[in-house]
Amino acid sequence: MLRSSQPLTGPNRRRCREDELLLATVLDEDERGFIIDTRSAQAAKQARMSGGGTESKSFYPQWRRLHRPLERGRPLQESFIKLVEACNDSSISMDRWLSRLDGSRWLSHVKAALSTACLAAQCLDREKASVLVHGAEGTDTTLLVTALAQLILDPSCRTLLGFQGLLQREWIEAGHPFHLRCARSAYSHARLKQEAPLFLLFLDCVWQLSRQFPFSLEFSEQLLLTLFDSAYASAYGTFLCNSEKERCLCKVKESTHSLWAWLNQPGEKKKYLNPLYTHNPLVIWPSVEPQSIQLWQGLFFRWIRSSQYLDEAWAEIQHLVESS
């Protein structure tokens, strides 16, 4: 599986022979590959006017392009805001609340992300084909799809350490602009142009996987909540800045502590482990049917609904596992 930004073909449909050669060398002469573009065909066409574009069939004859549009900008942020506002409004009826939940379209974004990740995983696992995933810059929806596809396919990514490595590789080192995307939360009155909860959408998709496959992920919901908090406000430097270049210039590693080092301390690590975990070497294919995608109550209701009984139940499960 490969990931990249969009090709810069522009309105004159320029060629990049180095790119063509690079993708050609990935495949044998009789093999075919898939390009999953996380923009609509119309958006990719419009991008040519500003210098971007997509791969031409005549120059990439062994690759088949598939468009699976995923929101990444203001529409996604507005969806997040509408969802949070609905969750915080305790005065409305159930019917009205469900209507507002549907109107936010947040669960539709979760479904779309999981569906596209499953498509990438199916191309790799069932078609035995190479896959290139890209969007515009390759640092937002591209990373969402590649990271989820690896969770679906690779059991090592479902361990606590493996998941940390996945985040480090597919989000941090790959250049997701955390500072721009997570500068404010849904509670802020500011509406910054660059803000969008892509990383939160990824964490929500991971939570959906953990709910559908409760024995297959070594880490618990608490880790996902901690990662959400750390992306927006953290005492650690792991999610600071917008790229590795910025982190080097700001000397983040020298000036701050790593979130991973803290999480992996023996006393802390046990808080984030799933006591029900059993190694599963198989691919985990999530359901994306409407009844299978649920609202992540542990996050969106965390300040409204007490988690006391759920916390006590998890503590009892952990006790039973340790004493057996």
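1. Y232 is partly exposed, with a relative accessible area of 21%. Here buried stands for under 20% relative accessible area, exposed for over 50%, and partly exposed for what lies in between, with a 1.4 Å probe and protein chains only. F228, at a relative accessible area of 11%, is buried. Both F228 and Y232 belong to helix 10 (residues 221-232), where they sit 4 residues apart, about one turn of the helix. Helices (H or I, at least four residues) and strands (E, at least two) are DSSP runs, numbered from the N terminus.

2. The model is predicted, so local features need pLDDT of at least 70 and side-chain atom pairs count only at pLDDT 80 or more, while totals for chains, interfaces and linings use all residues. Residues are numbered from 1 along each chain as its sequence is written, and side-chain values use heavy atoms, with hydrogens and water left out.

3. Aromatic pairs. Rings of Phe, Tyr and Trp (its six-membered ring) pair if their centres lie within 6.5 Å; planes under 30 degrees apart count as stacked, over 60 as edge-to-face and the rest as tilted. By this rule the structure has 17 aromatic pairs. In the pair F228 and Y232 the ring centres are 5.2 Å apart and the planes stand at 55 degrees, so the pair is tilted.

4. A stacked pair. Between Y236 and W262 the ring centres are 5.4 Å apart and the planes lie at 25 degrees, so this pair is stacked. Y236 is in the loop between helix 10 and helix 11 (244-249) and W262 is in helix 13 (residues 259-263), so the pair ties together parts that are 26 residues apart in sequence. Y236 is partly exposed at 21% relative accessible area, and W262 is partly exposed at 24%.

5. The ring cluster and I172. Ring pairs join F163, W171, F178, F199, F202, F219, F239 and W260 into a cluster. I172 is found in helix 7 (residues 160-172) and is buried, with a relative accessible area of 1%. Leaving out residues up to four places away in sequence, apart from what the contact list itself names, the partners of I172 include F178, F239 and W260. Contact here means heavy atoms within 4.5 Å. T238, E244 and R247 are also among the residues that I172 touches.

6. An open sheet is formed by 4 strands in the order 1-4-2-3, and the pairing is parallel. The edge strands are strand 1 (2-4) and strand 3 (63-67), each of which pairs on one side only. Two strands pair if DSSP finds at least two bridges between them. Strand 1 and strand 4 (residues 130-134) pair in the parallel sense over 3 bridges, and L2 has L132 in strand 4 as its bridge partner.

7. Strand 2. Strand 2 runs parallel to strand 3, joined by 5 bridges, with I35 opposite R65 in strand 3. Strand 2 is also joined to strand 4 by 5 bridges, again running parallel, and G33 has S130 in strand 4 as its bridge partner.

8. L70 is placed in the loop between strand 3 and helix 3 and counts as buried at 11% relative accessibility. Residues up to four places away in sequence aside, L70 touches T38, A112, A113, T116, T141, L144 and V145. L70 and V110 are 40 residues apart in sequence and 9.7 Å apart in space, C-alpha to C-alpha.

9. Helix 4. Which residues of helix 4 (residues 94-104) are buried? They are W97, L101 and S104. These residues cover an arc of only 65 degrees around the axis, which puts them on the same side of helix 4; the arc is that of the directions from the helix axis to the C-beta atoms. D95 and D102, on the other side of helix 4, are exposed. The buried residues of helix 4 pack against helix 3 (74-88) and helix 5 (106-125).
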